[in-house]
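Trainee: Could we go through this structure together, taking each term against its definition?

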Amino acid sequence: MKKALITGITGQDGSFLAELLIKKGYRVFGLARKDSWNRQNNASHLSGQIDILFGNMSEEVEIASAVQDAKPDEIYNLASQSRPGESWARATETLEVNGLGAVRLFEAVRHHCPESRVYHASSSEMFGQTNCVPQNEQTPFNPVNPYAAAKVYAHQMAKIYRDSYGLYIATGILFNHESERRPLHFLTQKIAYGAACAALGILDSPDLNEMGRPIVQHGKLALGNLEIARDWGYAGDFVQTMWATLQQEQPDNFVIGTGKLHSLRDLCETAYHCVDKDWQENVVNDPALVRPLESGQMLADPSKAREQLGWEPTVSFDELVKKMVMAQMLRLKKRGD
Ligand code: NAP
């Protein structure tokens with residue numbers, strides 16, 4: 001039986017990937033922070049089907065122990081402080097987890113399990129303010145936030161460890177991917193939540209935003225720059241490519257995205273349309289929510305993944321948004337019961 005270790009198992013991708021690997025017959029180990037595992041999380045329903053190893057990406061010894069205990073054939077490094085917008089306020093933590101955490105893992109593999117195949121989750125945010133549209137594996141990086149800078153560091157170190165030590169370390173340069181499991185502090189989920197509130201006639205939402213105010217206040221959802229455009233896919237599709245990447249003979253980098261661009265305005269329109277509401281009556285602009293520096297137009301050219309991994313998204317943008325809105329409606333209804 002093949003063994004896999006997933007860091008970030010309590011997160012969106014970690015939980016989808018664990019489900020996939022269990023289905024494929026793997027024994028799955030998950031690295032999680034104790035507090036996170038002990039509360040309800042995305043992988044709680046897998047309790048009993050996976051082995052949890054407690055550890056923090058900031059702790060070298062804990063990562064090394066996890067690698068030694070699991071002795072995995074495959075390692076998926078998905079742990080991260082994954083909110084670019086928050087990375088200015090948490091710059092050193094972001095580098096600790098997203099940058100140095102990855103290197104701690106590569107070191108653990110080098111010393112304790114050099115035959116393991118490692119997948120590292122890189123990000124389209126690394127392209128930052130770019131004039132090259134769409135972006136592929138050769139597009140130069142120009143990060144514009146601490147999250148992206150830390151991801152560039154880890155991405156370069158993956159190549160350095162691969163070339164210098166002959167380790168199998170592959171990366172996925174992942175464009176935005178969402179799901180019903182995305183935490184509420186992500187913009188896409190806030191929009192799904194806003195649409196669900198509108199559908200249910202909730203004027204002041206029970207869930208609060210980062211400023212401690214209802215996400216929907218007096219019937220309005222406040223958003224920053226609506227012209228931002230991104231390439232949004234479904235997380236359940238993306239984890240398939242993580243597994244496929246590690247089945248390649250040679251470790252490599254793959255851009256993963258849908259190759260389709262949508263603006264936040266499109267997202268709002270689609271989400272509110274799902275519940276027969278006009279987004280313009282429910283969304284207001286708040287300049288305080290605009291990021292200091294926004295990344296440029298992020299659009300994937302996933303030709304290489306299409307050719308070599310057989311990458312093909314199965315969930316369209318409209319279906320993705322609908323899934324998220326419906327999940328938020330269900331959640332809000334349950335809370336109201
Ligand atoms: P997510 O839902 O935010 O999950 C992040 C995971 O990392 C959580 O399990 C979190 O655990 C864990 N983590 C954070 N700090 C940690 C620490 N110090 N020690 C141990 N674990 C820690 O992120 P995701 O959407 O699944 O993304 C997976 C990976 O893909 C991440 O590396 C992300 O940067 C990358 N990525 C994602 C996207 C996207 O659109 N989703 C796009 C590009 C790249 P807790 O539960 O303890 O917080």
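Mentor: The chain is assigned domain 1 (3–178 + 232–256) and domain 2 (187–229 + 261–296 + 316–336), with bounds that come from an automatic or database domain assignment. This is a predicted model, in which local features need pLDDT of at least 70 and side-chain atom pairs count only at pLDDT 80 or more, while totals for chains, interfaces and linings use all residues. Residues are numbered from 1 along each chain as its sequence is written, and side-chain values use heavy atoms, with hydrogens and water left out.

Trainee: What makes residues of domain 1 and domain 2 count as being in contact?

Mentor: Contact means heavy atoms within 4.5 Å, and by that rule 13 residues of domain 1 are in contact with 16 residues of domain 2.

Trainee: How many salt bridges does the rule find across the interface of domain 1 and domain 2?

Mentor: The rule asks for a side-chain nitrogen of Lys or Arg within 4 Å of a carboxyl oxygen of Asp or Glu, and across this interface it finds 0 salt bridges.

Trainee: What area is buried between domain 1 and domain 2?

Mentor: Buried area is the accessible area (1.4 Å probe) that two parts lose on being put together, summed over both; here it is about 1200 Å², of which carbon and sulfur atoms give 65%. Trp-88, Glu-178 and Trp-232 supply 49% of the area that domain 1 buries against domain 2, more than any other three residues.
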